[in-house]
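Let's take a walk through a protein model together. Have a look at the sequence and the 3D view, and then we'll go through them piece by piece.

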Amino acid sequence: MGETSPVEFFDDFNGESDHWNYRTDNYASISQEKSILRLCSGPTEALYYSNAELSDGLFDDLPWVEKTFEAKLRMTGNHYGSAGWGFWNHTMQFDKNMCMWFILLQSRGPYMFQGFFAQVGKHLYPIKVYRGNIALLSYASRLTLGKLGVLIHSAKPSLRTLDLTEWHVYKVEWRKTGVNFHIDGNLVARLPPPAQGTRARTDIWIDNAVFGYNPRDAGRVYRHLTQENRNTTCIEVDYVKIY
């Protein structure tokens with residue numbers, strides 16, 4: 001067996017660390033109690049963007065290259081908007097955005113993605129689908145080589161029984177040859193690697209928006225499509241490890 005890389009960062013949230021950037025927008029909060037960090041969003045009005053986010057890099061100050069992100073966490077209930085954890089290079093521009101994370105997406109209205117996915121840039125792999133059938137979309141995205149804005153590598157979710165409200169250990173392995181996604185030690189997705197030279201930060205967030213793609217957008221960025229939530233939903237984090 002290969003040797004495990006030395007741990008470069010570890011936080012079990014027994015106290016507040018100056019390693020992190022803490023961000024909250026509108027109806028959101030971040031708190032810490034009994035070694036658990038809670039990022040919460042809601043109740044949220046649909047017209048306003050609300051976000052709770054933990055990260056360790058800003059714009060060009062991005063600390064990680066080809067590392068493994070590991071976290072033990074859970075969600076506290078059903079949520080409309082997005083939530084996720086992993087690596088991100090902190091830009092929403094179409095041509096520059098590079099994320100390597102687990103992402104939950106759920107919308108009250110029509111939206112192509114209603115589920116929990118592994119994502120690397122434009123590449124998506126379904127882990128659990130909540131509504132609809134993505135078979136046709138997956139086929140079309142692969143046939144057009146991602147010209148729809150995404151490339152969905154499979155129409156078959158890899159872990160249909162996953163309960164996000166239970167504690168799980170999530171791992172994103174970023175390597176030169178690809179990005180591997182594990183839940184509780186089980187491989188659930190493998191996606192192509194980002195471009196060589198990519199740098200990223202650790203990111204965990206929960207907000208009330210899914211993301212819209214319009215190739216004619218003047219700013220060429222993914223736009224927030226905000227959702228109403230009548231209740232508060234949180235991500236509870238037991239620990240984060242980077243190695």
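Which residue forms a disulfide with cysteine 40? The partner is cysteine 234, and the two sulfur atoms are 2.0 Å apart. Before we go on, a word on what you're looking at: this is a predicted model, where local features need pLDDT of at least 70, side-chain atom pairs count only at pLDDT 80 or more, and totals for chains, interfaces and linings use all residues. Residues are numbered from 1 along each chain as its sequence is written, and side-chain values use heavy atoms, with hydrogens and water left out.

Back to the disulfide. In general, a disulfide is a covalent bond between the sulfur atoms of two cysteines. Here the rule for spotting one is a pair of cysteine sulfur atoms within 2.5 Å, and by this rule the count comes to one disulfide. Cysteine 40 sits in strand β4 (residues 36-41) and cysteine 234 in strand β18 (residues 233-242), so the bond ties together parts that are 194 residues apart in sequence. As for those strand names, helices (H or I, at least four residues) and strands (E, at least two) are DSSP runs, numbered from the N terminus. The torsion about the S-S bond of cysteine 40 and cysteine 234 is about 105 degrees, so this disulfide is right-handed.

Are these cysteines buried or exposed? Cysteine 40 is buried at 4% relative accessibility, and cysteine 234 is buried at 3%. Buried means under 20% relative accessible area, exposed means over 50%, and partly exposed is in between (1.4 Å probe, protein chains only). Cysteine 99 is buried too, at 1%.

Now for the sheet. Eight strands make an open sheet with mixed pairing, in the order β2-β5-β15-β7-β8-β9-β10-β11. At its edges stand β2 (21-25) and β11 (151-152), each with a single partner strand, so one side of each has no neighbour in the sheet. Two strands pair if DSSP finds at least two bridges between them. In general, strands of a sheet pair through backbone hydrogen bonds, either parallel or antiparallel.

Let's follow β5. Five bridges pair β2 with β5 in the antiparallel sense, and tyrosine 22 has leucine 54 in β5 as its bridge partner. β5 and β15 also pair in the antiparallel sense, over five bridges, and there leucine 54 stands opposite isoleucine 204. How many of the residues of β5 are buried? Five of its five are. In a regular strand, the side chains alternate between the two faces of the sheet. In β5 both faces are covered, with Asn51, Glu53 and Ser55 buried on one side and Ala52 and Leu54 on the other.

Elsewhere in the sheet, strand β9 (residues 115-120) runs antiparallel to strand β10 (residues 123-129), and six bridges join them.

Next, the aromatic rings. Rings of Phe, Tyr and Trp (its six-membered ring) pair if their centres lie within 6.5 Å; planes under 30 degrees apart count as stacked, over 60 as edge-to-face and the rest as tilted. The structure holds 18 aromatic pairs. One of them is edge-to-face: phenylalanine 69 and phenylalanine 87, at 6.1 Å centre to centre with 70 degrees between the planes. Phenylalanine 69 is in strand β6 (residues 68-75) and phenylalanine 87 in strand β7 (residues 81-88), so this pair ties together parts 18 residues apart in sequence. Phenylalanine 69 is buried at 0% relative accessibility, and phenylalanine 87 is buried at 0% as well.

What about tryptophan 101 and tryptophan 205? Their ring centres are 4.4 Å apart and their planes lie at 45 degrees, so the pair is tilted. Tryptophan 101 belongs to strand β8 (residues 99-106) and tryptophan 205 to strand β15 (residues 201-207), 104 residues apart. Both tryptophans are buried. There is also one aromatic cluster formed by Trp85, Phe102, Phe116, Tyr170 and Phe181.

Finally, look at tyrosine 243, in the segment after β18. Tyrosine 243 is buried at 13% relative accessibility. Tyrosine 243 and phenylalanine 9 are 234 residues apart in sequence, and their C-alpha atoms are 6.9 Å apart in space.
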